[in-house]
Amino acid sequence: AKAAGVIIFNQGNGEGRTDVLNGTLGEVTEPSIPAVGGDYALGVELAADPDTTVRIKVDGEVLDSTTFNILADTKGNADETVVVGAHFDSVAEGAGINDNGSGTAAVLETAIQLAKTKAAPENRVRFAFWGAEESGLIGSEYYVSELSEAEIAQHALNLNFDMVGSPNGVRFVYDGDGSEFGQAGPEGSAEIEKVFADYFASQGLASAETEYSGRSDYAPFIAAGIPAGGLFTGAEGTKTKGEAAIFGGTAGEAYDPCYHTACDDLSNIDEKLLGEMADAIVYATATFAEVQPHKGK
Ligand code: PHE
Ligand code: ZN
Ligand code: ZN
Ligand code: ZN
């Protein structure tokens, strides 16, 4: 699947400017994601978490900015909720197209593809667009902090997608079993890693493991004991010779040379890689949601 065109509200610039990935540039005055409005995908309802104020720096000036999460639920068993998330804010320095328009678009595309199958997910899928990740995982921390013990128990897992179209990227899967980096996630995280790794192998696509670092919105979930996993194509780290031999691209250069800078714009995406990651995200979501293609209306 090609990642969806999506309006990304850039909280960083403080002006409500938006950028559209794979589409034309647009303007919205209200922070919103019209593409998933109404009952667009699977009869989802949009619910904004109560607003949270964050302090951000724009052109050296400190501003108070209101931020929010957007949650969209499918029908299905709430006791096995699968949260599929990506942060939709960016840093102030740039438009944040790879970080994290890419993850936002891929999650939105997943909702669109699942809706198209008219399938009934056995388990509830909660598409989550997190605000204020860059200010310290504020949106996802807030979300998990509001859960009761009983609600935590209803969360089967979290899938997280932060930077999935890096221009010099690698197909990285979070090392949820700790096999390579020694840091394992809550029980169940190993299975998530395996689903992604097996999927890529089945497609004849190489993948590699990346540190289970907690450097993104899955951290509050694992802290609460909820299994988590995800994909990543690399940030400021340098591509090795070995990786370049397997994945192509340029050894000795950053996976994303525009990470957290002004050049993270519409040209800063490997669209083929983003499409492969989006396919993997659709596959993993359908697997964990136990989507049954012929059960739907
Ligand atoms: N969370 C980081 C950011 O948004 C990106 C990142 C994701 C880094 C996953 C490492 C691992 O800037
Ligand atoms: Zn970032
Ligand atoms: Zn990010
Ligand atoms: Zn591993």
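This note sets out numbered points on the structure above.

1. The model is predicted: local features need pLDDT of at least 70, side-chain atom pairs count only at pLDDT 80 or more, and totals for chains, interfaces and linings use all residues. Residues are numbered from 1 along each chain as its sequence is written, while chains are lettered from A and ligands numbered from 1 in the order in which they are written.

2. Strand β13 spans residues 228-232, and five of its five residues are buried (20 or more other C-beta atoms within 10 Å of the residue's own, with C-beta atoms placed from the backbone). A228, G230 and F232 lie on one side, G229 and L231 on the other. Strands here are DSSP runs of E of at least two residues, and helices are runs of H or I of at least four, numbered from the N terminus.

3. Strand β10 (residues 155-161) pairs with β13 in the parallel sense over four bridges; pairing requires at least two DSSP bridges. N160 stands opposite G230. Strand β11 (residues 172-174) runs antiparallel to β13, joined by two bridges, and F172 stands opposite F232.

4. L231 is also among the members of the largest nonpolar core that touch the most others, together with A106, V107, M277 and I281. Such a core is a set of buried Ala, Val, Leu, Ile, Met, Phe, Trp, Tyr and Cys residues joined through C-beta atoms within 7 Å. The core has 60 residues, and helix α7 (residues 271-289) gives the most, with 12.

5. F232 is one of the residues around ligand 1, including also D99, E133 and R215 (C-beta atom, placed from the backbone, within 6 Å).

Terms used. A residue is buried if 20 or more other C-beta atoms lie within 10 Å of its own, exposed if 12 or fewer, and partly exposed in between; C-beta atoms are placed from the backbone.
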